[in-house]
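Colleague: Hi! Could you walk me through this one? I have a few quick questions.

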Amino acid sequence: PAPDPNQVLCWSELELQLYFSSGGALKPKVKAKPTPKPAAAAPAVAAPAVVPPAPAATAAPVTLPSPSPSSEPPESGLPASGSTGAEPSSPTSKDSTGSSRPNFPRRTTVQRPPNAPPAHKLDVVVYIEHTDSYQIVYNANYVSFCLHSLQDFYGLPALLELQHTDSICMNMLTLHGMRCLQSAILGDHLSVFSTRIDHTENADTWYCSIHPSGGGQPVIYDCLVTVGFFGASGTAVAIPPVIQQREPPHGKVVQSGILRKTTPSPGRLAKESCFSATCWLDTTDASGCLDPVFVLKLFERGRTNAFDGPSGLKTLQDAGVKVVVFRVENVQLHPPASRALVGQAIDVRTRMEYQEKLIVFEQSLWLPGAAAPTILGTVVCLAIDAVTGETIQPANCTPLQRFIQATP
């Protein structure tokens with residue numbers, strides 16, 4: 001479901017997740033655009049001196065919480081020093097690789113109670129197995145880093161005991177608000193920080209952010225991950241007491257973002273494609289459900305096939321155009337249902353659409369002949385000029401025009 005695109009929606013990432021999971025039942029907070037006050041007339045002065053025009057007045061900086069210790073990340077997705085939480089004034093900004101990216105609101109601010117434990121930290125090193133053809137960390141591997149962080153917090157011995165003794169496994173339920181804000185490369189030392197922002201009897205939602213090792217800026221990647229626990233029959237169970245023996249780092253999302261507009265318009269450039277893929281036995285997690293990282297890999301194959309397969313993507317690379325993942329939104333994994341996909345030849349369906357500077361992919365996994373998808377999600381990509389590092393408007397890029405056509 002999509003909200004009214006004519007409204008300015010100020011939602012936190014968690015509110016977005018709840019909106020989608022509730023089928024649109026959650027109502028947005030509508031922020032009215034402020035009406036500028038008329039400037040006061042300047043008093044008449046005889047023979048005024050000629051002076052350069054004064055710069056435009058800016059809003060007073062927002063006071064942020066005190067900086068966290070060096071072992072923890074700052075509370076926001078941007079540098080705390082002198083930061084106001086406003087969007088940058090320029091239409092694009094550049095990351096550490098020189099690539100310019102649209103300036104969507106980048107903040108997800110998590111506020112923790114004064115006495116709450118610090119964010120859980122897991123250090124990782126980028127090996128060649130984590131990188132892709134662009135020599136940066138492949139987007140699905142960031143999800144793997146985050147899952148390892150949660151497993152580390154819950155405790156591998158406790159999780160193994162649940163699996164072997166009670167046939168209870170931890171599964172990822174949803175992935176939302178995933179943002180690739182910078183590019184980690186081979187040899188980088190990273191730290192994954194995890195804070196629980198929502199808790200129910202059956203599930204925990206965590207905010208995970210990945211920073212250069214030891215904390216600090218810039219934020220390389222962040223997301224919201226919801227995990228639950230399931231028995232051998234695929235039935236959801238209450239979170240076992242054995243993994244709740246210590247207080248988790250907890251807080252709440254307090255910084256809002258603006259929902260990306262998704263309403264189609266006549267003549268929008270779009271293309272639909274479908275291919276068959278086999279879910280081999282080594283593509284499952286410990287519970288026999290489809291591994292979330294493999295799901296994102298299938299989505300990647302679907303995006304590649306939207307560009308006429310690997311050869312088409314290679315043509316784009318040779319033409320100096322790189323297509324990189326920017327955001328992943330509203331991935332609904334449905335772990336028990338995904339067991340039916342294992343060992344099957346399934347349909348991977350993709351709808352690719354050019355939206356200004358974005359390439360938006362609506363993707364889903366289907367059992368052949370099914371009336372509804374088993375797994376679905378949205379991936380937002382950017383086209384980058386390999387020489388200048390600037391974002392490219394897909395509809396105006398000759399190498400990209402050949403892959404898509406105008407549709408009503």
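This is a predicted model: local features need pLDDT of at least 70, side-chain atom pairs count only at pLDDT 80 or more; totals for chains, interfaces and linings use all residues.

Colleague: Where does Glu-356 lie?

Modeller: In the loop between β15 (345-355) and β16 (358-366). Its backbone deserves a look too: phi of Glu-356 is near 55 degrees, which is a positive value in a residue other than glycine.

Colleague: How is Asp-308 classed by its relative accessible area?

Modeller: Asp-308 is partly exposed, because its relative accessible area is 42%.

Colleague: Switching to helices. Which angle do the axes of α2 and α4 make where they cross?

Modeller: Roughly 170 degrees, and the axes come within 9 Å. Here α2 covers residues 139-154 and α4 covers residues 292-306.

Colleague: So parallel or antiparallel?

Modeller: Roughly antiparallel, because angles over 145 degrees count that way.

Colleague: Which residues meet there?

Modeller: From α2, Asn-139, Ala-140, Val-143, Ser-144 and Leu-147. On the α4 side they meet Pro-292, Val-293, Leu-296 and Arg-303. By class, the contact of α2 with α4 has six nonpolar, two polar and one charged residues.

Colleague: OK, aromatics now. How many aromatic pairs does a search of the whole structure find?

Modeller: Eight aromatic pairs turn up. There is also an aromatic cluster formed by Phe-153, Tyr-154, Trp-206 and Phe-229.

Colleague: And what lies over the face of Trp-366?

Modeller: That's Arg-349, at 3.8 Å from the ring centre.

Colleague: Last topic: Ile-128. Where is it found?

Modeller: Ile-128 is in the loop between β5 (120-125) and α2. Ile-128 counts as exposed, because its relative accessibility is 65%.

Colleague: How far apart in space are Ile-128 and Leu-186?

Modeller: They are 6.0 Å apart, C-alpha to C-alpha, while in sequence 58 residues separate them.

Methods. Residues are numbered from 1 along each chain as its sequence is written. Side-chain values use heavy atoms; hydrogens and water are left out. Axes are lines fitted to C-alpha atoms, for helices over the stretch in contact, and angles run from 0 to 180 degrees between N-to-C directions. Helices (H or I, at least four residues) and strands (E, at least two) are DSSP runs, numbered from the N terminus. Angles under 35 degrees count as roughly parallel, over 145 as roughly antiparallel, 65 to 115 as roughly perpendicular and the rest as oblique. Contact means heavy atoms within 4.5 Å. Ala, Val, Leu, Ile, Met, Phe, Trp, Tyr, Cys and Pro count as nonpolar, Asp, Glu, Lys and Arg as charged, and the others, Gly among them, as polar. Rings of Phe, Tyr and Trp (its six-membered ring) pair if their centres lie within 6.5 Å; planes under 30 degrees apart count as stacked, over 60 as edge-to-face and the rest as tilted. A charge sits over a ring if NZ of Lys or CZ of Arg is within 6 Å of the ring centre and within 35 degrees of the ring normal. Buried means under 20% relative accessible area, exposed over 50%, partly exposed in between (1.4 Å probe, protein chains only).
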